[in-house]
Amino acid sequence: SQANFEEDSQKQPAVGHWKPLMPSKGSKEEPETGCQDAGGVDETQSTEQLNVSRLRSSSVEIREKGSEFLKEELHKAQKELKLKDKECERLSKVREQLEQELEELTASLFEEAHKMVREANTKQAASEKQLREARGKIDMLQAEVTALKTLVITSTPSSPNRELHPQLQSPSKAVFRKGHGRNKSTSSAVVSAASQNVTPEPVSHECKEVDSILFAEFQAWKESPTLDKSCSFLDRIYREDVGPCLDFTKQELSELVRVAVEQNTLTIEPVASQTLPVVKVSAEECGGPKKCALSGLPRTCKHRIMLGDSGNYYYISPSCRARITAVCNFFTYIRYIQQGLVRQDVELMYWEVMRLRREMSLAKLGFYPSDM
């Protein structure tokens, strides 16, 4: 039976406490041990609850202290933000003030600069005006000097210039001569003698009427004067006056003369008299004192021309000289207008141009003064 019990005990494991078959000495002490175990569990549970309550109270305290700390930090941050906002406002006001001062300074500088530029432009315009006036005076003086040189050169012992010697003129011419003579006593005597014998001739008055087409072309040219013959004003004058006036028998030489007149490089000088010292001329002299180089006809040539700096001289007849001189006078006048030297009304300038055109028309028809 003992063996069967051991086998049964091996097959079925025991659960809980072993219950002895026979009571032992220590069986009385077992219930006391159970009581002790229950009391220890209660103490443990109370200790744990106490610890939990302590933890809860500490966490609440920590939370409260943390919230107070955060509130203090938030309050400090708000104060700092307020201070920074005030500083930003102050700095923005300073910046606006500086920007305003900078704008005022910039505006004053620009105004001063514009004022200086205006004054400089005014002074420059005045200086340019004075320069133009001075150049105009120089050109006029040079033209007068050239004219005086021409008058002096043309006065020779064999053929004195009557413009320089009024006492050699006839009384009828001396009466109506314009200008002042060098010998006042002689000229006054001639005038007084002539006034007793010569009856005044009737003065002829010519009527003038402005052509609207020609005047409009001249006004358009006057707005921007130029020597370009492509404009309608000069194109008409080239076709009607300049071209026919400079159209000579010798076509090749006529073209050279026209170019020299346009470029203002033509020189006209009187032929030296045999009584004067002979000037050696290394250039070729075309034509001769008895033959005109432009027309090819036998004529008495008192003048010769040189084209530019070529050094070639060409003898010309009085009629050819009158035609060339009329064209040169026209170009000289329009050059003066272009340079701003003529200060007249537009209509007066127009009539002066018409007078010069009439001289070219008369010259191309063969009319010229007797003193040519």
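Leu 102 sits in helix α2, which covers residues 30–154. This is a predicted model, where local features need pLDDT of at least 70, side-chain atom pairs count only at pLDDT 80 or more, and totals for chains, interfaces and linings use all residues. Residues are numbered from 1 along each chain as its sequence is written, and side-chain values use heavy atoms, with hydrogens and water left out. Helices (H or I, at least four residues) and strands (E, at least two) are DSSP runs, numbered from the N terminus.

Back to Leu 102: with a relative accessible area of 53%, this residue is exposed. The labels work like this: buried means under 20% relative accessible area, exposed means over 50%, and partly exposed is in between (1.4 Å probe, protein chains only). Together with Leu 105 and Leu 109, Leu 102 makes a nonpolar surface patch of about 310 Å². Patches are made of residues with over 30% relative accessible area and no salt bridge; like charges are joined within 9 Å, and nonpolar side chains (Val, Leu, Ile, Met, Phe, Trp, Tyr) within 5 Å. Accessible areas come from the Shrake-Rupley method with a 1.4 Å probe, and for residues only the protein chains shown count as cover.

Now for the whole chain. The protein chain has nine helices and four strands, and from the N terminus on its elements run α-α-α-α-α-α-α-β-β-β-β-α-α. Of its 372 residues, 21% are buried. The chain exposes about 28500 Å², and carbon and sulfur atoms supply 55% of that area. Contacts (heavy atoms within 4.5 Å) can also be sorted by distance along the sequence. Among those between residues at least 6 apart in sequence, 63% join residues at least 24 apart.

The expected span is 1.5 Å times one less than the number of residues in the helix. The buried residues of α5 are Leu 214, Phe 215, Glu 217, Phe 218 and Trp 221. They cover an arc of only 160° around the axis, which puts them on the same side of α5; the arc is that of the directions from the helix axis to the C-beta atoms. These buried residues pack against α6 (232–245), α8 (318–338) and α9 (346–364). On the face of α5 turned away from the buried side, the exposed residues are Ser 212, Ile 213 and Glu 223.

One of those partners, α8, has 21 residues and reaches 30 Å from its first C-alpha to its last, close to the expected 30 Å at 1.5 Å a residue. Helix α8 is mostly covered, with 15 of its 21 residues buried. Just after α8, Gly 340 takes a positive phi of about 75°. Ser 295 lies in the loop between β2 (285–286) and β3 (303–307). With a relative accessible area of 16%, Ser 295 is buried. Leaving out residues up to four places away in sequence, Ser 295 touches Thr 249 and Cys 320.

Then there are the charges. Side chains of opposite charge can pair when their charged atoms come close. The structure holds eleven salt bridges, each one a side-chain nitrogen of Lys or Arg within 4 Å of a carboxyl oxygen of Asp or Glu. In one of them, the side chains of Asp 241 and Arg 357 meet at 2.4 Å, N to O. Asp 241 lies in helix α6 and Arg 357 in helix α9, so this pair ties together parts that are 116 residues apart in sequence. Asp 241 and Arg 357 are both buried. They also belong to a network of salt bridges that links Glu 217, Arg 236, Glu 240, Asp 241 and Arg 357.

Other pairs sit within a single helix. Arg 258 and Glu 262 form a salt bridge through their side chains (2.5 Å, N to O). These two are separated by about one helical turn, because they are four residues apart in helix α7 (residues 251–263). Arg 258 counts as buried at 17% relative accessibility, whereas Glu 262, at 23%, counts as partly exposed. In α9, Glu 352 and Arg 355 are three residues apart, so about one helical turn separates them. Their side chains meet in a salt bridge as well (2.6 Å, N to O). Glu 352 is partly exposed at 23% relative accessibility, and Arg 355 is partly exposed at 31%.
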